[in-house]
Amino acid sequence: YLKISKLALAFAIIHSKPPGKSCKEYAEHLAKIVSEQDTSLASGSLWKSKVEALEAEVLRLRQELLLNKICPKFGLENRKSSASDENLLAQECANPPSYSSQLEDSGCDVSNDYSFDSLGTTSDFHQSEHNLHTSKYCLEVVPPLSLCCANKEEPLTAPVQFLQRLLEIRKLSEIGDLQADLTKLEDDSFTICSSVSQLLDGLTAFYNSPKFPVSDILTEAICVLGSLIADTKLSNHVLKKCFKKLDEFQKKIIQIILNNSSINRFQALSAVSQVLVLLGRNNVLRNSLISLLLSEVHQFAEQMCQAHQIQDAYDITQYENIFYLFMILEQLLQSKTEESNVSSLQYIEEERNKFMKNLDQIILHLSDEFPLFSLYLWRVSVLLNSAQIQ
């Protein structure tokens with residue numbers, strides 16, 4: 001193949017050489033052009049990295065400026081917490097129980113520490129509720145902002161610290177311990193949106209190729225994301241500007257869960273699933289997330305039914321991973337049922353109707369060969385019906 005390629009290249013050079021130039025001269029001329037192109041490409045890559053670094057620096061300065069506009073005097077002199085309390089709570093927030101320790105496992109552990117409840121959701125999902133409450137208190141004693149400490153290895157540092165500080169200012173101003181002009185948030189929505197976007201991009205990059213045990217900054221990023229969504233005032237502001245980005249992030253995370261084919265992936269997928277459960281704490285995001293999950297599950301169920309009818313092969317990786325989507329979906333639907341908010345169901349009514357259409361036939365065809373999958377489909381349909389009845 002190499003000889004044929006060289007011969008074809010030689011014929012092409014001979015055939016296309018201009019008059020007055022020998023084949024050797026023309027070949028050397030072409031080689032010089034290609035070499036210059038390679039150099040320019042390398043230089044372009046260098047310039048691209050420089051531009052990205054400058055953009056990150058501009059965003060850092062905008063973050064610092066916005067914080068100074070909201071509360072110019074919010075610094076070390078206003079901190080009332082002792083150093084010992086800060087260290088203790090920072091450690092508790094950075095190392096929540098039953099999270100990173102489990103992720104060090106190979107993924108084959110079946111001990112009681114990783115048991116499933118009656119709905120199939122892991123105990124870690126319920127533990128995340130406790131972690132969120134802990135993180136809210138951690139934000140009250142977060143160390144002074146050091147935005148310039150962000151580096152290439154930890155791209156999450158700058159947005160995490162900025163959003164931590166915003167949450168802290170909001171909380172302290174609400175209880176009257178701090179004077180802050182939160183109207184400035186509306187004047188500079190670009191900085192907040194860019195920071196949230198940077199945070200979501202960093203989380204997506206990590207979960208595309210996760211490394212365990214989880215670093216402290218990633219744990220803090222998840223805490224901040226959950227606290228940001230749980231904070232009603234900041235959440236409304238962020239959702240208004242960043243809903244499209246959050247929706248794209250949810251879609252990417254769902255695809256990461258479905259398509260992860262590594263051998264010891266199951267505990268990593270559990271960690272990724274927790275992020276979606278945290279996003280589902282917000283009513284608006286929960287509705288959109290339920291719609292996305294219903295669409296993915298219904299599409300996969302139809303593919304399974306079609307493959308079963310024609311005795312064709314199916315994607316075993318996606319089949320194993322689809323149960324994590326079931327767990328998230330059941331968790332969100334169960335919380336929606338408890339709220340008994342009928343008006344919020346209108347948002348997911350279209351996807352609900354698609355999901356319920358021909359569901360009985362699908363379950364009937366798959367129940368013998370795929371009983372567990374059929375059972376999960378049925379349980380989701382029960383939760384959808386109970387939510388609609390209420």
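Predicted model: local features only at pLDDT ≥ 70, side-chain atom pairs only at ≥ 80, totals over all residues.
**The whole protein**
- Take the contacts between residues at least 6 apart in sequence: 80% of them join residues at least 24 apart.
- The protein exposes about 21,000 Å², and carbon and sulfur atoms supply 55% of that.

**Helices H8 and H10**
- Two packed helices are described by the angle between their axes and the distance between the axes.
- For H8 (residues 189-208) and H10 (residues 232-259), the angle is about 10° and the axes sit 10 Å apart.
- Angles under 35 degrees count as roughly parallel, so H8 and H10 are roughly parallel to each other.
- On the H8 side, the contact residues include Ile192, Val196, Leu200, Leu203 and Tyr207.
- H10 brings residues such as Val238, Lys241, Leu246, Phe249 and Ile253, among others.
- Sort the residues of this contact by type and you get twelve nonpolar, five polar and four charged.
- An α-helix has 3.6 residues a turn, so residues three or four places apart point the same way.

**Helix H11**
- H11 covers residues 266-279, which makes 14 residues.
- From its first C-alpha to its last, H11 reaches 20 Å, close to the 20 Å expected at 1.5 Å a residue.
- Is H11 buried or exposed? Of its 14 residues, 13 are buried, so H11 is largely enclosed by the rest of the structure.

Notes
Residues numbered from 1 in each chain as written. Heavy atoms only, no water. Axes fitted to C-alpha atoms, helices over the stretch in contact; angles between N-to-C directions. Helix = DSSP H or I, 4+ residues; strand = E, 2+ residues; numbered from the N terminus. Parallel < 35°, antiparallel > 145°, perpendicular 65-115°, else oblique. Contact = heavy atoms within 4.5 Å. Nonpolar A, V, L, I, M, F, W, Y, C, P; charged D, E, K, R; others polar. Areas by Shrake-Rupley, 256 points an atom, 1.4 Å probe, with all protein chains shown as cover. Expected span 1.5 Å × (residues − 1). Buried < 20%, exposed > 50% of the residue type's maximum accessible area, 1.4 Å probe, protein only.
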